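Thanks for coming, everyone. Please have a look at the structure first, and then I will walk you through a few parts of it.

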Amino acid sequence: MTTNKSLIQPLDKAAVILILILTLLIGVIILQGDAVRPSVRNFSWENAKIGAEDINFSLRFSRPMDIKSVEKNLKIEPPLAGKISWAGKRMVYTLLTPAPYGEKYTVELQDAKDKFSVAKGTNKVIEPFEGTFFSRDRVILYLGTEVKDRGRLILYNLTKQKKRILTPKDLVVLDFEAFPQGDKILFSAHAADTQDSLSAQLYTVTTGIAGEIGTKAKPPGKLDLVLDSKEYQILKFDLSPDGKTIVMQRAHQNNPSDFGLWFLTFDDNGKESKLQQIKNEQPAGDFLITPDSKAVAVAQGKGTAILPIQTDASKPLDFLPQFGVLQAFSQDGSQAVLVRFNTDYTKDLFLVTNQGTQKQLLKTTGSILKCEFDPASPTLYCMLTQLLPGEEYQEQPYLVSINLKTGQQKPILVLPPDKRDLQMSLSPDGLGLLFDQVVSQTDISNVVRANPLKTNDGQEISTSSLWLMPLLPVNDSDSNINAELKPEKLPLVGFYPRWLP
């Protein structure tokens, strides 16, 4: 018995001593407070490459933060205007305008304080944080006019100054649209050994550029056939803003009265659904898919109808009887610009909102070739023509910016007369505008004639130059903001330029 007592007592003493030591340490920690500094646990755009559709990033903290101190000390270089919102320990920064392309950005945060330490008066500051992200390269697409790449789809990286031909020699591309992530291009093309544009088929081709954040780029130039033209001619197509629906205007090869709109959808894995017809009694003219990707605006008679993208579209969602052409939608779908044709052969451009308001923007004796909404400011850019005085019929093309808040118009570029078949494309960050200048002539070489390219009005293309016009947004305080900007001729030979998203 005595032996057992002598063994137990030292263990009891050691346990009591250990408890006392731990209690003392706990007391010291309580008196000193939490020694661990708050930190950023996650930055959603870390090392990511973002596009115009990426509008917000988040910072997740290790503990609740003092909001004012975080907002005061958050820095982004180069600066990006935005607004901040909070959900517990998560802060979201939403950009007011798309991030300019071709840039490297850093996000820094230091001297921000812990919420509870501020309440206690200890003002514990965060561990210094620095994160990095990138915007996409400035990339354009166009159709080549040189003999070696005539009619082929070409990608040119303006940031890295690299050229890449995407389509093979045996295809002549007629039209194309980029998928929203820039990883693929949808295009129509016919065989190079034929001049029959009505035999064009629909394809996709990869660009070699990564799509969504965190995905790996596929090799460039991978071609896939989407739809052939064995039974129906593919006259026109449009790709929805979400990249999941294609609307096509098709006509039966042997029955021209079998003519109308069809649609094809893709699931999240890119798998195609069954091709279906949009059934509507009225004949369909030019068309454009709405920004929500659920409907299509179609020219019908003397007006424009908004039809749901479904098999039964007998009941339009809306009809605008006085407007014959829809030029463009704003990105959020709240506004659109439409053309009204007048009995005196003039044309009016109207701004129409989803609230039903209609505002005349301009009147012209010439043509309204193309309009696009600036994603970074309340500005509309339009390529127009005006009828020149004199006995000879001549149209003078020019580029104009319109401030949609004030209605102020400013011509920013005048082009040579009789250049009517101009193509224009506004960059996704709103800071550059592409346009082409096509040279048409009949006296061209036999090599070129074996594979002729034509403008929309049927003239054969000899060559074409591409131009880049730098832009700054129009605002109320400085109406001459674009006065000193001049277009730059790119070292590229081609036509039909488009920005990659």
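First, the ground rules. This is a predicted model, where local features need pLDDT of at least 70, side-chain atom pairs count only at pLDDT 80 or more, and totals for chains, interfaces and linings use all residues. Residues are numbered from 1 along each chain as its sequence is written, and side-chain values use heavy atoms, with hydrogens and water left out.

Now the terms for sheets. Strands are DSSP runs of E, at least two residues, and helices are runs of H or I, at least four, all numbered from the N terminus. Two strands pair if DSSP finds at least two bridges between them.

Start with the open sheet of 4 strands in the order 16-17-18-19, paired antiparallel. At its edges are strand 16 (232-239) and strand 19 (276-278), each pairing on one side only. On average, neighbours in this sheet are turned by 35° against each other, direction ignored. Here an axis is a line fitted to C-alpha atoms, for helices over the stretch in contact, and angles run from 0 to 180 degrees between N-to-C directions. Strands 17 (245-252) and 18 (259-265) run antiparallel and share 7 bridges. Isoleucine 246 has leucine 264, in strand 18, as its bridge partner.

Now one residue. Lysine 104 sits in strand 7 (104-109). Is lysine 104 buried or exposed? Exposed, with a relative accessible area of 52%. The cut-offs are under 20% for buried, over 50% for exposed, and partly exposed in between, using a 1.4 Å probe and protein chains only. Lysine 104 is 29 residues from phenylalanine 133 in sequence, yet their C-alpha atoms are 6.1 Å apart.

Last, the second largest pocket. By class, its lining has 8 nonpolar, 9 polar and 11 charged residues. Ala, Val, Leu, Ile, Met, Phe, Trp, Tyr, Cys and Pro count as nonpolar; Asp, Glu, Lys and Arg as charged; the others, Gly among them, as polar. Strand 15 gives the most to this lining, with 3 residues.
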